[in-house]
Amino acid sequence: ANSLLCSGCPAGSFCGAGSVTDGGELCTPGTFCAGGEAMPAPCDAPPGSYCAEGTGVVTGETCPVGQFCAGGEAQKQPCTAAPGFYCAEGASEAGGMPCLTGYNCVGGSNGLRECPADPGQYCPPHKGTAVVCVVGDYCDGGSSPAVACQAAPGRYCPAASTTSAGVQCPQGSFCLGGAADKSACSGPPGNYCPAGSAAADGSLCPMGAFCVGGTAAKMECTCQAGNWCPEGSSTPGGIKSPAGTYSQGGSAVPAPCTTDAGSFCPEGSSTPQGRACIPGKWCGGGPALALTCEAQGGFYCPASTAVASGQPCPAGMYCAGADAGAAACTASPGNYCARESSQPEGIVCLAGYWCPGGGSDKLACKKTASARRRLLEVESGTALDIESPTASTMLAIALTASGHYCPAGTESPAGSLCPIGYYCPESSQDKRACNTAPGFYCPSGSSAAEGVACPAGSFCPGSNSDAVPCSAAEGNYCPGGGSSSHGLACIASKCCPGGSSAPEQCPSPPLVSFLADTPPPVMLDWWAHKNSQQGVVVKTAYKSVHRLGDTSEPGFLQGTYNLPVDGRWLVRFDFFVPKYDAGESPDSIFPEEAISAVSEEDVIDCNINGVRKTLKSSSALAGHKQALEFEVEGQVLEYHFDFLSPDIPSYSHPFITAAEVTLLRDRNTAAAPGALGKMHAAVIDAVDGKDIKDNKRVANGVGRNKWLLDVGPKVSIFKGTTLIAEQLMPSGEIDEKFPIGSYSCMFRHLNFYTVFIKECDIVAAGLELGDIAMSPLLNPGHSRIVLTWGAKPSDLDSYLTVPHGDPAKDDCVINYKNKKCNTNKVTEVNLDLDATSHDRRGGKPETITLGLETPGKYVFRVSEYKGRDSDGLLESGGVVSYYAEDASEKFFVGRDGYVSGINWFVFYLEGSTGEIKACDRENCPESLCAGGGYKSRSGGSYIC
């Protein structure tokens, strides 16, 4: 075969053996082929280049990115660069070169990549990954480089900043701006660096806070009221609030004061009201400061002064003016410092006064009108028109003490004692004639027109009379408050020598062994017959005795009472224990009182003629009374009560009432009985009309069916003082035979007042007494009226005129149509029983119970229902029994009071004194019957 010369082979190719084409084949790596007929020659590439397959030049071609080329015949090799390095185009070393800023190089044969940095990051040289932008630079992210910060003062670029303005400097640091970092604040105490600070010293601490300096934050002030933390404070206690302001403490800032004139707010005030202006200053109020007083002589600025001119200097002092205070006058005797004095020696004392000198004011002495006028002219600085109303009022101002007055010429500093028969009220100009009620008088030194009660042993006619020594006859005496020279009858069992002497203890009476007349029951008032007492008191509203409540010392009461005959006597009284009820009226008496709970400790030891009993209060007895009986011997009753309690009590005390004393028998033996006659009687409760017998419930005088009786009454028959017979009445009725004779009799029961019948004569034909009405023992302060009569007339009615406590209001009249007066009051009056039908044995009584008596006149009358004339009353045998706590009275028709038509005017009672008297036409006028009740018409007029 023929071989052809290769002439068409391009550079980078050659025609080797066996070539079949004109173009040849590619030059092998590491060689270069010039083309044409040239054969491959060794590559002579410089470092960073290599001859790849088909290379046509001796220097080869540039090494690609991610490869390195050693040059010569060496081929390109994968780069082994570490992260942060890469092999750029034309690389000749396996380790490559540092990564370019803004790019990311992961190493190995990887080339240069765009940086993936977020805002606030950038890709630095020699780093394989993005990093956070450093303090002082800011970074946009991506391939952007970090750029120096351009922050204003008070701001800085922290790490990862994304803007050139940076952020606000944090509290506790300061920032100079630009690319500078923040720095710790170094402010002194009283300063702090708030956010945005640009200076190392920071700023002054604000009001209401304190700052310790350095990097510390401000803290809320904790100062007490009256203090505050101003700007620049470095301690929590702050400083005092300035004058004219007040602070409530804590973080509060001072506020202007709102004081009244005469007050101000000094430094450190904690309230808007401030305090009183200090002496020597005046204060206009509000936030104004205390200013120096501008007073003239005779004036000064005491505390609380509200005006610059001050106040007038008081009498007895002098004031130099300006800020000087009031000083004690040094006047000599006879001189004094009047109001508005400016000199210490004062002025001459005015007529009508006395002046001890020194700092004393003038004192009232002579009280003539001219002296008072001169005084007022001096004090006011102007002349007075003596005739003007104003001057008259001013001159009426009197300066004397009560009970004294200053007549013309008085020289004593105290004036003169008011004379007898006159009174001189406090600050009176002159004495005034008294006009007292009878029983009262004005002693010397009196200051009240009503005077005082006449002393015992004297009587007082009233008006302006003096107390006059009593001229009572023997057997009478003048008690305190008396108005009659004759006095009153002597107290029972006492002796009264007459004149002005007080009642005395009588000598022991001669022994009496028998009296022809049976003595009726008597009420013994323990207090009236006392010989001595200590630590006890009698209630003014009633006659019960109890111990004083303000001492724990033992109390006692003792006395004597002369009896009419030597023998055996029954003494009966009640022991009361009040019950506590907070809702009761303070005026309530029994059973409830509004003081406090009953004590278990109060004791009353009783000794009557040697018979002893001990009474002890208890809760079981609270609100109840205990009936007591003492059987004693002799003709003189000697009693002694000890009132004991271990503590000073504040509770209601138990008490004892006046006693009923009745004869049981003398020491004589009754004569042998002769012929017999029958007595018949039935005993009933005067309040409800029920039989008094064994196991019967009856009224106790306050409520119905309150007492369950365990025994019936007893009847005793006397011949004078000698007991003839006695008989129990378990059924409440007696129908027995007794010796014929002229007797008196008594019906007795523990819980009732004894009924005494003076003429209780038993004859052969018998004695019919009918119904005997017994009154239950009274509660304290109560009284009772019981009307009894015989078989005819069939109906008598009781009428009681009850005075109203207010004289301007009408009286109330108790009768069968109106059974209550003063309802639900302690003065309540009740018609307990209205009897309407008497028969041959008589019948039930008419009974009225009274509470505490009201001042005024009570009048009791009896009227025959549908009567025609006075015969029915006069033949009725009517008896009215009046029971009080310390007394009992009987009134008999035809003997006591007076009868007019169908009315018996029985008695009148003075509620203020308890004095009871039989009616006369002056004190119980017939016109009273117009107040209510039955009336019949006769000849055009009413007959009551």
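Buried here denotes a relative accessible area under 20%, exposed one over 50%, and partly exposed the range in between, for a 1.4 Å probe and with protein chains only. Strands (E, at least two residues) and helices (H or I, at least four) are DSSP runs numbered from the N terminus. In soluble globular proteins, nonpolar side chains tend to be buried together.

Residues are numbered from 1 along each chain as its sequence is written. As the model is predicted, local features need pLDDT of at least 70 and side-chain atom pairs count only at pLDDT 80 or more, whereas totals for chains, interfaces and linings use all residues, and side-chain values use heavy atoms, with hydrogens and water left out.

Strands are taken to pair if DSSP finds at least two bridges between them; strand 57 and strand 62 pair in the antiparallel sense over 19 bridges, with Glu 631 of strand 62 as the bridge partner of Leu 570. Strand 62 also pairs antiparallel with strand 60, over six bridges, and Leu 644 in strand 62 is the bridge partner of Val 603.

A separate description applies to an open sheet of three strands, in the order 70-65-73 and with mixed pairing. Its edge strands, strand 70 (733-739) and strand 73 (767-774), each pair on one side only, and the twist averages 25° from one strand to the next, the axes being lines fitted to C-alpha atoms (for helices over the stretch in contact) and the angles running from 0 to 180 degrees between N-to-C directions. Strand 65 (residues 676-685) is joined to strand 70 by seven bridges in an antiparallel arrangement, and Ala 682 has Glu 733 of strand 70 as its bridge partner. In the loop between strand 65 and strand 66 (697-698) is Asp 691, which is partly exposed, with a relative accessible area of 33%. Residues up to four places away in sequence not counted, Asp 691 touches Val 683, Ile 684, Lys 696 and Val 698.

For the protein chain as a whole, three helices and 87 strands are assigned, and 44% of the 944 residues count as buried. The average pLDDT, the predictor's confidence in each residue from 0 to 100, is 84, and 87% of the residues score at least 70. Over residues 366-372, however, the pLDDT is below 50, and this stretch has 23 contacts in the model beyond near neighbours in sequence.

Note on methods:
Contact means heavy atoms within 4.5 Å.
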